[in-house]
Amino acid sequence: MQFFLDTGIVDEIKQALEWGILDGVTTNPTLIAKTGRPFLEVAKEILKLVDGPVSLETVSRDAEGMIREGRMLAELGQNVVVKIPMTPEGMKAVQVLESEGIPTNVTLVFSPAQALIAAKAGASYVSPFVGRLDDISSEGMKLIREIKQIFDNYEFDTQIIVASVRHPMHVIEAALIGADICTMPFEVMKKLFQHPLTDKGIELFLRDWEKVPERPF
């Protein structure tokens with residue numbers, strides 16, 4: 001499973017790249033707004049750092065506007081993926097952009113039917129939001145299982161990006177289901193490293209190391 005960061009903060013991306021586990025980045029207007037920086041400045045810096053897919057979102061609500069913005073975003077780099085909302089107008093835009101060789105990521109997906117529509121429209125990626133479903137007492141990961149089964153049934157090429165991830169268990173469950181990608185906040189990615197027994201073991205080894213005579217380092 002590929003790991004994407006869901007962020008607009010460049011320093012977080014640099015850290016994940018140093019760890020050697022980052023495959024791509026997803027952004028949205030909310031994440032970019034939190035940086036307090038101009039959109040194009042942030043987007044270009046991220047694209048310069050990341051070799052893998054970088055999802056940048058359109059803001060128009062009509063197909064014509066999404067197509068226009070998608071083309072503009074695609075000009076920023078070869079690895080740009082255009083985020084399109086799950087609406088009828090969005091699916092019109094997906095078909096046009098994909099026909100022009102511009103990959104799309106259908107976002108704000110909350111049902112298997114929506115994911116199926118996105119795949120039939122030809123989207124490269126679909127982003128079901130598991131955390132937001134959990135927030136309303138619905139089972140987010142059930143949606144991932146259902147989408148995975150549907151896509152496998154019909155051999156759709158559309159990749160599943162598990163989004164709106166809240167904690168490490170979302171990542172593990174996504175991997176067990178066989179989702180293609182999990183995009184997560186930086187804090188969740190950091191937590192994947194953590195375990196109290198690891199910390200305890202390191203502390204014990206270092207304490208014992210101090211007892212070794214004539215240490216070479």
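How do α8 and α9 lie relative to each other, roughly parallel or roughly perpendicular? Before getting there, a word on the ground rules: this is a predicted model, where local features need pLDDT of at least 70, side-chain atom pairs count only at pLDDT 80 or more, and totals for chains, interfaces and linings use all residues. Residues are numbered from 1 along each chain as its sequence is written, and side-chain values use heavy atoms, with hydrogens and water left out.

Now the helix pair. α8 (residues 140-154) packs against α9 (residues 168-177) at an angle of about 20°, with the axes 10 Å apart. Helices here are DSSP runs of H or I with at least four residues, strands are runs of E with at least two, and both are numbered from the N terminus. Axes are lines fitted to C-alpha atoms, for helices over the stretch in contact, and angles run from 0 to 180 degrees between N-to-C directions. Angles under 35 degrees count as roughly parallel, over 145 as roughly antiparallel, 65 to 115 as roughly perpendicular and the rest as oblique, so α8 and α9 are roughly parallel to each other.

Which residues in α8 and α9 meet? From α8 come M141, I144, R145 and K148, and from α9 come H170, E173, A174 and I177, where contact means heavy atoms within 4.5 Å. By class, that contact divides into four nonpolar, one polar and three charged residues. (Ala, Val, Leu, Ile, Met, Phe, Trp, Tyr, Cys and Pro count as nonpolar, Asp, Glu, Lys and Arg as charged, and the others, Gly among them, as polar.)

Next, look at α5 (residues 88-99) and α6 (residues 112-121), which pack at about 30° with axes 9 Å apart; α5 and α6 are therefore roughly parallel to each other. Here M91, V94 and Q95 in α5 meet I117, A118 and A121 in α6, giving five nonpolar, one polar and no charged residues.

On to the open space. A pocket is an open set of points on a 1 Å grid over the protein atoms alone, where a 1.4 Å probe fits, with protein on both sides within 12 Å along at least five of seven lines; lining residues have an atom within 4 Å of a point. The largest pocket holds about 530 Å³, a volume being the space filled by probe spheres set on points joined across faces, edges and corners. Its lining has 28 residues, with D6, N28, T30, L31 and R132 closest to the centre. α2 gives the most to this lining, four residues.
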